[in-house]
Each structure stands twice: as structure tokens, then as C-alpha cells.
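Trainee: Hi! Could you walk me through this one? I'd like to learn how to read it.

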Amino acid sequence: LVALAYSAEVVTFGEGAVNSIFKEKKEAIILFSNGNGDELQASFAEAASADESGRLYTVVDNGGNADHFRRFAEYLGVDVAETPKIVLLREARNKY
């Protein structure tokens, strides 16, 4: 019997993360950040490294690409005025 431990890491939100969530139907923990939450992002990364569930961890940062931030938040029903916010996405909906 061989046991493999898998630790998640935080991946940059982009096409790869979107494909993992919607095409591969991976559960995801998504941090919607307003761009100034370094301490929160460090805690988020620490939680990801301790998680062995295989979930995808990604940060959608308003400071990086405001259009992606707004559109993805709207798609998931997240109020962008209430960031930072963490969302657990258990069942990825179809992209279209």
C-alpha cells in the first residue's frame, strides 16, 4: 500500500484555473481580494498547503484585472462590494 499526500497550492486565476474549475469539474476555493490583503493571501496560501483534498485554490484580485474580477464575481453571484470574500465552489456550473 502506497499513500501519496497531495498538498494544494494557490494558482493564479486565469485560463488554467477556469479550465480546472469548469472543464475538469474540480472543487475550488476562491479568494476574491481587493488587492491589499497580503496577510489574508498568506493565510490562504498556508491553508492551501495544508489541504490534501485536491481542491483548486485561486485568488481573483481586483487589483490585477478588474474586468476578470467583476465578471467572475458576477457569474458566481459574489457581491464585489463585500471583498475580501472566500467562496467554496463545490459543483462547477457549465461555462456557457
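Trainee: Let me start with helix 1: what covers its buried residues?

Mentor: Good place to begin, and keep in mind that this is a predicted model. The cover over the buried residues of helix 1 includes strand 1, strand 2, strand 3, helix 3 and strand 4.

Trainee: Which residues of helix 1 are buried?

Mentor: They are A17, V18, S20, I21 and F22.

Trainee: Why does S20 count as buried?

Mentor: S20 has a relative accessible area of 13%, and buried means under 20%, so S20 qualifies.

Trainee: And what does S20 touch, leaving aside neighbours within four places in sequence?

Mentor: S20 is in contact with K25, K26 and L56.

Trainee: Which pairs are parallel or antiparallel?

Mentor: Strand 1 runs parallel to strand 3, joined by 3 bridges. Strand 2 also pairs with strand 3 in the parallel sense, over 6 bridges. Strand 2 and strand 4 are antiparallel, with 5 bridges.

Trainee: Can you give me a residue to look for? What stands opposite A28 in strand 4?

Mentor: That's L89. On the strand 3 side, the bridge partner of A28 is L56.

Trainee: How does the chain get from strand 2 to strand 3?

Mentor: The chain goes through helix 2, residues 38–50, in a right-handed β-α-β crossover.

Trainee: Is strand 3 mostly covered or mostly open?

Mentor: Mostly covered: 5 of its 6 residues are buried.

Trainee: Switching to the core, then. How many residues are in the largest nonpolar one?

Mentor: It has 17 residues, and I21, I30, F32, V60, F72 and L76 have the most contacts inside it. Helix 1, strand 2, strand 3, helix 3 and strand 4 each supply at least two of its residues. There is also another core of 7 residues lying apart from it, and A8, F44, A48 and Y57 are among them.

Trainee: Why would nonpolar side chains gather like that?

Mentor: In soluble globular proteins, nonpolar side chains tend to be buried together.

Trainee: Last one: what does V60 touch, not counting residues up to four places away in sequence?

Mentor: V60 touches F13, I30, L31, F32, S33, F69 and F72.

Terms used:
Residues are numbered from 1 along each chain as its sequence is written. This is a predicted model: local features need pLDDT of at least 70, side-chain atom pairs count only at pLDDT 80 or more; totals for chains, interfaces and linings use all residues. Side-chain values use heavy atoms; hydrogens and water are left out. A nonpolar core is a set of buried Ala, Val, Leu, Ile, Met, Phe, Trp, Tyr and Cys residues joined through side-chain atoms within 4.5 Å. Buried means under 20% relative accessible area, exposed over 50%, partly exposed in between (1.4 Å probe, protein chains only). Helices (H or I, at least four residues) and strands (E, at least two) are DSSP runs, numbered from the N terminus. Contact means heavy atoms within 4.5 Å. Two strands pair if DSSP finds at least two bridges between them. A crossover is right-handed if, with the strands pointing away from the viewer, the path from the first strand over the helix to the second runs clockwise.
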